[in-house]
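Thanks for coming. I will walk through some local features of one structure, and I will give the cut-offs as I go.

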Amino acid sequence: MLSRVAERIYWMGRYLERAENTARLINVNTLLLLDLPKGVSLGWQPLVDIMGSTEQFAEHFTEASERNVVRFLIADEKNPASLLSSLKFARENARTVRDTLPGEGWERINDLFLKAKADLPSGLARGRRYDNLVEAIAACQQITGMLAGTMLHNEGYDFLRIGRNLERADMTTRIIDVRTAYVGTSVPGVELEPFLHAQWLSLLRSISAYQAYWLKVQAPVRRQEVLEFLFKERQFPRSVLHCIGEVAGAIERLPRNVVPLTTAGKLAAHLDKRRVSRMDDAAVHAFVDRLQLKLSQLHESIAATYFQFATMDARLRSGRKRKSAAATAGN
Amino acid sequence: MAIDWRQYQAEGFFDELIASPGKPRHAAGELCRFLGALNDQELAHYRSAAELAIRTMGITFTVYSEGDGSIDRAWPFDVVPRIIARSEWEQIERGLKQRVQALNLFIDDLYHRQRILKDGVVPRELIANSRDFREQCMGINPPHGIWAHICGSDLVRDKDGTVYVLEDNLRVPSGVSYMLENRQVMKRVFPDLFENYSILPVDDYPAQLFDCLSALSRRRSKRPEVVVLTPGIYNSAYFEHAYLAQQMGAELVEGSDLVVGDDDCVYMRTIEGLSRVDVIYRRIDDLFLDPEVFREDSQLGVPGLMRAWRKGNVALANAPGSGVADDKVIYTYVPKIIRYYLDQDPILPNVPSYLCVNKDEREYVLANLDKLVVKPANESGGYGMLIGPAASRKEREAFADLIRRQPRNYMAQPMLSLSTAPTLIDSHAEPRHLDLRPFILSGKKTYVTTGGLTRVALRKGSTVVNSSQGGGSKDTWIVDVEGN
């Protein structure tokens, strides 16, 4: 498989997943604000920060009002991290690899973008926003399921899985971060304790994890268990550890996989041995930061192995070493 | 109103299907009876079935002039096929083979001894001024001495029924995928007709193309690595590039997927590492092929590609420099070229042409601009031409100026009365002008497509058939009929 094709399928998978999770993230925040006591106004700025868009946002807006942030994160095509931009990039990547996708795959992705472009900007008010976002999430999941059910499960599919799961792991950490960033904030005169349970519940619900949590943990919704579950529950498809396992599983089927497979293995081991349930909010936040860094290193090692050719081309420049390139290619 | 062939008038033109009102040509009899028996509703049904098939099969083309978001448009298609009797086609096929053989000998000669120039058959200045002659190709010996492996020649039929060659496309001719897809659409929509007719198949083209290309590989291997090199998804022919690659089971690559090593071999970048490429069916123009040799700013090409080609480590189809014979001025010399190399009379005639570079002919052209079609030597897709009779006085004057300034760049032809064929307009048939582009493959053996791509001008009275200018297409049937 051509590296360019592999890379575009990978990014298509990432952007689709990113779109879905951006929608989730905004819904978590909306629900969270509803669950907070009257008078506690924590605002929307943290969402922009968590998406890594602080500077871009500041270029366009002076105030992090709900209206501004939501518009920026959902409908702004100038913001490369917005939901609409993610769908656009997913579509552009899909377009270039159309011949490797099932016919309906490209059509659904194209449709999703066109529909989102038409519907989202007019549906930003709270009432319609929630439904619109839920719809977008469902459409992304439909595409994921359709590709799983119709696409040839060859290397192309492996790259799709890698992209999707790396992005999903990253976004799950961001969603946890939204939650813990708020709890870290103390508000004078307000007792937050009674609201905690409801908030963890809404967090689970917003990533469709409540039922899974209940089935698996069979305990009341509590901070320690929720964190443990979202970071490390191998059976839950959106937990960070599960996603890394999926990435490793896909890499295992690819050629020349020693370096990225080792990187993925180390990341899983690192996560596995940390006792996240004992961390306080500040520690969780720092842990998420480190985890995101490691996820991006995993991406780098995949990209260097399969998408970039600095090393491969360099070998080609010297006749003597070419043999070793051929030997590597054969394993 | 359903189709009534007695009402069908193609006065003053040769019609491909109807000899005179109410009288179909022999080979078209069965088809006309079938279509004539359909009511409006049935006609509408067939037409929408064809549109649906085109949409679901994703047959698209690109119009450059349209803004973002509409680069894919459904392929305009007419459900009434164009029919040619097999006996007539076989003659045309022989003529095409003869022509392309001579053109390949001509190109090979130009890049070697240039006998034809020394003998004064083709004037040396024409080559010296040619925009598509490539100095860099001198002395190169491509496999089998063939340069233009894929040629798409445009044929038209005049009032009296004579078939003329209008031009030869030897650079990167496109359209063959539409020929193949048109047939698929027709089979889906009119299965009954196919049972009653013996229509020669077209679908072995991808296999023929693959054989032609893989025979160019110099490396001994069971299955040489053949790739299709495309400029990318925004190219107007991208649909075709992807289609042919898929049909041949070849990789569809962009320039950035390829790299030339110090060993002067071409490799593609795959997830397994570098993998050697033997044959490149390139669908990008010469000047973008290799920034080391041609345009330095080319992002589409591969640095070092010409080096690899010259050494014979990779085959390029069509070979760089083939375009020298696709110049519309060289076109006027093709009958002489055929006589010179093959010592035969041309089987297919050229359209009579006037070369502006020759003083007498130029004077004639300038004096008769209102009767002539003037074409630039190097454009394709119907761009930059003057259709004299349809042009305004001002446009003609502007063109006269262009001709005086750069006579080498222009040639002129009398306005042909292109033949017509019945085309479904609303729910009746009207004559529309058309041409035909067969494809000729040259390699170890020569192969001509069965028929070709029929392009039709959908606007009443128009003779512009290019899809980029509002043309459509029809399926082309070569049929075996008794009594021919």
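Helices (H or I, at least four residues) and strands (E, at least two) are DSSP runs, numbered from the N terminus.

What you see is a predicted model, where local features need pLDDT of at least 70 and side-chain atom pairs count only at pLDDT 80 or more, while totals for chains, interfaces and linings use all residues. Residues are numbered from 1 along each chain as its sequence is written, chains are lettered from A and ligands numbered from 1 in the order in which they are written, and side-chain values use heavy atoms, with hydrogens and water left out.

Buried means under 20% relative accessible area, exposed means over 50%, and partly exposed is in between (1.4 Å probe, protein chains only). B:Asp345 has a relative accessibility of 56%, so it counts as exposed. B:Asp343 is exposed, at 70% relative accessible area, and has a positive phi of about 55° although it is not a glycine.

Some background on that: most residues other than glycine have a negative phi, and most peptide bonds are trans. Chain A has an exception in phi too: A:Gln218, not a glycine, with a positive phi of about 50°. A:Gln218 is in the loop between helix H10 (210-217) and helix H11 (223-232) of chain A, and is exposed at 60% relative accessible area. For the peptide bond, look at chain B: the one from B:Ala317 to B:Asn318 is cis, with omega near -10°. B:Asn318 belongs to the loop between E14 and helix H11 (328-331) of chain B.

Next, the strands. Two strands pair if DSSP finds at least two bridges between them. Strand E13 (residues 279-282) of chain B pairs with strand E8 (residues 226-229) of chain B in the parallel sense, over four bridges. B:Val226 has B:Val279 as its bridge partner in E13(B). E13(B) also runs parallel to strand E14 (residues 315-317) of chain B, with three bridges joining them, and here B:Ile280 stands opposite B:Leu316. Are the two faces of E13(B) buried or exposed? Both are covered: B:Val279 and B:Tyr281 on one side, and B:Ile280 and B:Arg282 on the other, are all buried.

There is also an open sheet of four strands in chain B, with antiparallel pairing and the order E15-E18-E16-E17. E15 and strand E17 (386-387) of chain B stand at the edges with a single partner strand each, so one side of each is left without a neighbour in the sheet. Within this sheet, strand E16 (residues 372-376) and strand E18 (residues 410-414) of chain B pair antiparallel over five bridges, and B:Pro376 stands opposite B:Tyr410 in E18(B).

Now salt bridges. A salt bridge here is a side-chain nitrogen of Lys or Arg within 4 Å of a carboxyl oxygen of Asp or Glu. By this rule there are 58 salt bridges over all chains.

I will take a few from chain A. A:Glu66 forms a salt bridge with A:Arg126, with the closest N and O atoms 2.9 Å apart. A:Glu66 is in helix H4 (residues 66-74) of chain A and A:Arg126 in helix H7 (residues 126-150) of chain A, so the pair ties together parts that are 60 residues apart in sequence. A:Arg126 is partly exposed, at 38% relative accessibility.

The side chains of A:Asp119 and A:Lys115 meet in another salt bridge, 3.2 Å from N to O. Both lie in helix H6 (residues 103-119) of chain A, four residues apart, about one turn of the helix. A:Asp119 is partly exposed at 28%, and A:Lys115 is partly exposed at 45%.

In chain B, salt bridges that share partners join B:Asp132, B:Arg134, B:Arg171, B:Arg282, B:Asp286 and B:Asp326 into one network. Recall that B:Arg282 is one of the buried residues of E13(B).

That is where I will stop. Questions are welcome.
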